[in-house]
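Good morning, and thank you for coming.

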Amino acid sequence: MSKTALITGASKGIGKEIAITLSKEGYNIALNYRKENEELLKLKEDIEKNNVKCLLIQGDVSNFEDCERFVKETIQEFENIDVLVNNAGITKDMLLMRMKKEDFEDVIDINLVGTFNVTKNVIQYMLKARAGRIINISSVVGISGNAGQTNYSASKAGIIGFTKSLAKEVASRNILVNAIAPGFIKTDMTEVLSENVKEEIQKNIPLKRIGEAKDVANLVKFLSSEESSYITGQVINVDGGMLM
Ligand code: NAP
């Protein structure tokens with residue numbers, strides 16, 4: 001039976017790159033997206049050029065019923081989920097003084113509660129299979145903190161606690177749970193920052209370059225593979241040495 005990977009928030013950015021990378025490894029892809037965009041069908045076609053299937057599963061990860069539905073759709077199509085990548089995420093940056101309660105809650109609901117919602121619906125199948133990999137996309141700011149991101153860094157620190165606790169709960173069933181903490185990666189999420197801010201960030205990265213989505217996807221590939229079968233409960237930075 002071929003393997004299946006479910007990736008949330010995979011219509012663009014890091015999630016899209018993870019979907020393409022895992023398809024090249026022979027995984028059928030259940031590709032979660034929230035908003036329709038005209039490139040989705042093209043992405044599905046590109047993924048299927050790698051001789052795998054791609055199922056587009058619409059849903060908002062902050063909505064538990066959506067997650068329940070799209071996980072069921074995935075199981076109906078592929079019978080199992082071998083790899084889950086909780087990647088969907090947003091930012092709503094603002095100093096706490098001016099941050100609205102909704103902006104705090106929205107970020108926690110999508111980034112942290114969303115990770116719970118999807119994992120909660122997937123874990124039963126992994127427990128039954130006595131195998132699985134869960135890879136949660138956190139961030140270096142979940143470790144270091146960042147002014148203007150109390151909501152985002154709290155959500156990403158929460159993902160780290162979630163990852164370690166779940167890793168302990170399911171290790172005996174051969175389910176491995178890890179988190180990736182990217183630094184500064186070139187996507188729409190970071191495109192909104194001014195050129196000055198980007199230059200300043202780049203200066204402070206020891207490897208002197210901004211990361212690519214591929215840099216993160218390569219680690220997902222490793223954490224999904226047999227080669228990483230003795231690694232669980234870890235947070236691995238992909239940040240060009242930004243945080244040491
Ligand atoms: P991005 O280009 O903005 O992509 C985010 C993706 O998440 C989009 O496909 C978006 O879909 C989806 N998404 C957002 N809310 C969703 C929801 N409620 N339900 C389902 N999907 C949803 O951002 P990115 O840079 O690729 O970020 C991917 C992950 O990496 C995020 O968790 C982010 O926090 C993390 N990260 C990024 C960086 C960085 O420097 N870029 C650094 C550290 C961590 P829609 O377009 O439909 O909303």
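Let me begin with a definition: two strands pair if DSSP finds at least two bridges between them. Helices (H or I, at least four residues) and strands (E, at least two) are themselves DSSP runs, numbered from the N terminus. The model is a predicted one, in which local features need pLDDT of at least 70 and side-chain atom pairs count only at pLDDT 80 or more, while totals for chains, interfaces and linings use all residues. Residues are numbered from 1 along each chain as its sequence is written, and side-chain values use heavy atoms, with hydrogens and water left out.

I turn to the strands. Strand β1, residues 4-7, is joined to β2 by 4 bridges, and the two run parallel. Within this pair, alanine 5 has isoleucine 29 of β2 as its bridge partner. Between these strands the chain passes through α1, and this β-α-β crossover is right-handed; that is, with the strands pointing away from the viewer, the path from the first strand over the helix to the second runs clockwise.

β2 also pairs with strand β3, residues 54-58, in the parallel sense over 5 bridges. Here isoleucine 29 stands opposite cysteine 54 of β3.

How is β2 placed in the structure? Strand β2, residues 28-33, is largely enclosed by the rest of the structure, because 6 of its 6 residues are buried. Buried means under 20% relative accessible area (1.4 Å probe, protein chains only). In a regular strand the side chains alternate between the two faces of the sheet. In β2, Asn28, Ala30 and Asn32 point one way, and Ile29, Leu31 and Tyr33 the other.

Now to the ligand. Its shell holds 29 residues, the closest being Arg34, Asp60, Asn87, Tyr152 and Thr187; a residue belongs there if one of its heavy atoms lies within 4 Å of the ligand. By class, 11 are nonpolar, 12 polar and 6 charged.

The protein covers 95% of the 900 Å² of accessible area that the ligand has on its own (Shrake-Rupley method, 1.4 Å probe).

Technical notes
Ala, Val, Leu, Ile, Met, Phe, Trp, Tyr, Cys and Pro count as nonpolar, Asp, Glu, Lys and Arg as charged, and the others, Gly among them, as polar. Buried means under 20% relative accessible area, exposed over 50%, partly exposed in between (1.4 Å probe, protein chains only).
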